[in-house]
Amino acid sequence: MEIRQLRYLVALAEERNFTRAAARVHVAQPALSQQIRRLEEELGLALVERTTRRAALTDAGALLVARARRILAELDAAQTELQGLRGIQTGHVSIGAMHTMGPVDLSLALAIFHARHPGVELTVREQASEEMAEMLRVDELDLAFLSVTERIESHGLGLHRLVSEELVVLLSREHPLAERGQVRMAELSDQEFISFRQGARLRELLVSAARQAGFEPHVTVESNESQRVRRLVALGLGVAILPRSDAEGPGADVAVATLSEPELSRDVTLAWRGGRRHAPAAAEFLQLARDTFTAPGLRSPSGQRPPALARVGSGIEPARRDA
């Protein structure tokens with residue numbers, strides 16, 4: 001069993017296609033296929049189910065991929081740590097992010113990190129929180145910004161809550177409830193909702209709150225783009241529940257009301273696999289995120305940059321706080 005074979009198998013598991021997997025690891029497709037077959041022959045087990053359109057892992061393949069990810073992560077970490085003796089000059093950090101991050105400005109953190117370590121590759125993948133939690137567990141991501149659910153909290157992740165933000169009701173300006181400063185969830189029982197897709201934390205909170213108020217929400221439009229959700233509300237296609245920063249920041253003109261009975265909030269939490277030894281680049285990004293976003297200013301409901309962050313000189317840096 002060779003390291004390159006494990007890399008090829010992990011790439012195939014993630015791409016589900018031999019051609020795309022080969023391009024990802026920079027080899028010819030026949031060479032990748034040949035190495036996977038040699039690995040199968042050595043193990044005496046089929047690892048991949050091949051069809052004309054896609055490649056799927058067998059149970060044996062899935063088991064080996066889970067182990068391979070950890071082996072490769074440890075190997076990459078060792079190589080990067082050795083390079084780290086000369087400073088963080090190269091490496092790769094894979095970051096997961098929710099579709100809407102509220103006041104947590106991930107783009108700013110990426111810019112700060114890149115200014116400090118221009119030789120490090122950064123990859124951002126946008127997924128639902130529970131999908132990212134699973135990706136962390138199998139080392140497909142180094143870290144993620146997600147919202148904690150009951151199913152996530154107790155399953156082997158390190159968690160650091162950055163911010164908890166109020167959720168509010170968005171209505172068109174012509175809506176009968178538009179002039180109200182506060183709306184009870186039960187008052188929305190006959191409304192059509194615009195919401196994120198199944199699996200998203202905001203969708204989960206909407207359904208939970210509606211059931212608590214005695215009804216099942218009627219979701220007629222799904223979108224994972226908060227600005228599109230807001231635009232659709234402004235056009236009268238339904239009502240929505242979003243974090244206050246998404247509701248009150250720049251965007252389509254909508255009426256915003258405080259939600260009551262029940263009140264709702266959504267957290268943004270920094271997560272990683274518990275017990276994992278991160279490569280220096282990933283460890284550095286984790287620390288940067290904690291330092292940058294663990295700030296009182298992030299609890300402001302406005303959509304503006306938190307006061308704890310500022311541009312300094314020609315580079316982008318977190319503003320220094322007095323000790």
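Tutor: A definition to begin with: on a 1 Å grid over the protein atoms alone, a pocket is an open set of points with protein on both sides within 12 Å along at least five of seven lines, and its lining residues have an atom within 4 Å of a point. Also keep in mind that this is a predicted model.

Student: OK. How many residues line the largest pocket, and which lie nearest its centre?
Tutor: The lining has 32 residues. Arg 7, Arg 24, Leu 72, Asp 76 and His 92 are the ones nearest the centre.

Student: And how much space lies in the pocket?
Tutor: About 1,000 Å³ for the largest pocket.

Student: Which elements give two or more residues to the lining?
Tutor: Helix H1 (3–15), helix H4 (59–84), strand E3, strand E4 (120–126) and helix H11. H4 has the largest share of that lining, with eight residues.

Student: How does the lining divide into nonpolar, polar and charged?
Tutor: For the largest pocket, 10 residues are nonpolar, 10 polar and 12 charged.

Student: Now cavities. How many of 30 Å³ or more does a search of the whole structure find?
Tutor: One. The volume of the largest cavity is about 100 Å³.

Student: What lines the largest cavity?
Tutor: The lining includes Met 98, His 99 and Thr 100, then Gln 127, Ala 128 and Ser 129. Also among the lining residues are Phe 196, Arg 201, Leu 202 and Arg 266. By class, the lining comes to five nonpolar, five polar and two charged residues.

Student: Where do Phe 196 and Leu 202 sit in terms of cores?
Tutor: The largest nonpolar core has 38 residues, and Val 93, Phe 145, Leu 146 and Phe 285 touch the most other members. Elements giving two or more residues to this core include strand E3 (91–97), strand E5 (143–146), strand E6 (157–171) and helix H11 (280–293). H11 provides the largest share of this core, seven residues. Phe 196 and Leu 202 belong to a second, separate core of 35 residues, which also includes Ala 209 and Ala 252.

Student: Back to Phe 145. How many aromatic pairs are there?
Tutor: The count is two. In one of them, Phe 145 and Phe 293 are edge-to-face, at 6.2 Å centre to centre with 85 degrees between the planes. This pair links distant parts of the chain, since Phe 145 is in strand E5 and Phe 293 is in helix H11, 148 residues apart.

Student: Switching to helix H8. What does it reach from its first C-alpha to its last?
Tutor: H8 covers residues 201–212, 12 residues in number, and reaches 16 Å, close to the 16 Å expected at 1.5 Å a residue. Its buried residues include Arg 201, Leu 202, Arg 203 and Ala 209. Just after H8, Gly 214 has a positive phi of about 95 degrees.

Student: Last one: where does Ala 255 lie?
Tutor: In strand E11, residues 255–260. Ala 255 counts as buried because its relative accessibility is 1%.

Notes
Residues are numbered from 1 along each chain as its sequence is written. This is a predicted model: local features need pLDDT of at least 70, side-chain atom pairs count only at pLDDT 80 or more; totals for chains, interfaces and linings use all residues. Side-chain values use heavy atoms; hydrogens and water are left out. A nonpolar core is a set of buried Ala, Val, Leu, Ile, Met, Phe, Trp, Tyr and Cys residues joined through side-chain atoms within 4.5 Å. Buried means under 20% relative accessible area, exposed over 50%, partly exposed in between (1.4 Å probe, protein chains only). Helices (H or I, at least four residues) and strands (E, at least two) are DSSP runs, numbered from the N terminus. On a 1 Å grid over the protein atoms alone, a cavity is a set of points where a 1.4 Å probe fits but cannot get out, and a pocket is an open set with protein on both sides within 12 Å along at least five of seven lines; lining residues have an atom within 4 Å of a point. Grid points are joined across faces, edges and corners, and a volume is the space filled by probe spheres set on the points. Ala, Val, Leu, Ile, Met, Phe, Trp, Tyr, Cys and Pro count as nonpolar, Asp, Glu, Lys and Arg as charged, and the others, Gly among them, as polar. The expected span of a helix is 1.5 Å times one less than its number of residues. Rings of Phe, Tyr and Trp (its six-membered ring) pair if their centres lie within 6.5 Å; planes under 30 degrees apart count as stacked, over 60 as edge-to-face and the rest as tilted.
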